[in-house]
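Hi everyone, thanks for making time this morning.

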Amino acid sequence: VGACNAAQALRLAQEHNPRIVLLDVMLPEMDGWELLGRLREHPQTRDIPVIICTILPQETLAADLGATAFLRKPISRKTLLATLDRHLGLESRESR
């Protein structure tokens, strides 16, 4: 499920209870940092793993706000899939 803005992402996360959220911080209207905070505050979404994916060098901030992982853009498909697998508890896709 994809979202065009933070408000839509928050609503969709509450409706769909995803296994993981991949979140860019550069969003219109409400930035990803605020969205991460709201996800962590809401009882229905607080335990969903959130992977921050951004060009900004703010890994410490992401961790402090409760991100599960941090990926700095640009990222490769292999890195993205390995990170998703690690946080979803799936076996490695390297052999695919």
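Let me start with Pro-74, which you'll find in the loop between β3 and α4. Please bear in mind throughout that this is a predicted model. Now, what kind of peptide bond joins Lys-73 and Pro-74? The bond is cis, with omega at about -5°. Asn-17 isn't a glycine, yet its phi is positive, near 45°. As a reminder, most residues other than glycine have a negative phi, and most peptide bonds are trans.

On to the sheet. This is an open sheet of three strands, in the order β1-β2-β3, and the pairing is parallel. Which strands sit at the edges? Those are β1 and β3, residues 69-72, each pairing on one side only. Direction ignored, neighbouring strands here are turned by 20° against each other on average. If you zoom in on β1 and β2, the latter covering residues 50-54, you'll see a parallel pairing over three bridges. Leu-22 is a handy landmark there, standing opposite Ile-51 in β2.

Two helices pack against these strands. Helix α2 packs on the sheet and touches β1 and β2, with its direction at about 180° to that of β2. Then there is α4, residues 77-88, which lies across β1, β2 and β3 and runs at about 180° to β3.

Next, the largest pocket, with a volume of about 390 Å³. It is lined by 19 residues, and the closest to its centre are Val-1, Ala-3, Ala-9, Val-21 and Leu-22. So which element gives the largest share of that lining? Helix α1 does, with five residues. At least two lining residues each come from α1 (6-16), β1 (21-23) and α2 (32-41). By class, the lining counts 15 nonpolar residues, three polar ones and one charged.

Last stop, the charged pairs. Side chains of opposite charge can pair when their charged atoms come close. The model has three salt bridges. One of them links Arg-11 with Glu-15, with the closest N and O atoms 3.2 Å apart. Both residues belong to helix α1, four residues apart, or about one turn of the helix.

Note on methods
Residues are numbered from 1 along each chain as its sequence is written. This is a predicted model: local features need pLDDT of at least 70, side-chain atom pairs count only at pLDDT 80 or more; totals for chains, interfaces and linings use all residues. Side-chain values use heavy atoms; hydrogens and water are left out. On a 1 Å grid over the protein atoms alone, a cavity is a set of points where a 1.4 Å probe fits but cannot get out, and a pocket is an open set with protein on both sides within 12 Å along at least five of seven lines; lining residues have an atom within 4 Å of a point. Grid points are joined across faces, edges and corners, and a volume is the space filled by probe spheres set on the points. Ala, Val, Leu, Ile, Met, Phe, Trp, Tyr, Cys and Pro count as nonpolar, Asp, Glu, Lys and Arg as charged, and the others, Gly among them, as polar. Two strands pair if DSSP finds at least two bridges between them. Axes are lines fitted to C-alpha atoms, for helices over the stretch in contact, and angles run from 0 to 180 degrees between N-to-C directions. Contact means heavy atoms within 4.5 Å. A salt bridge is a side-chain nitrogen of Lys or Arg within 4 Å of a carboxyl oxygen of Asp or Glu.
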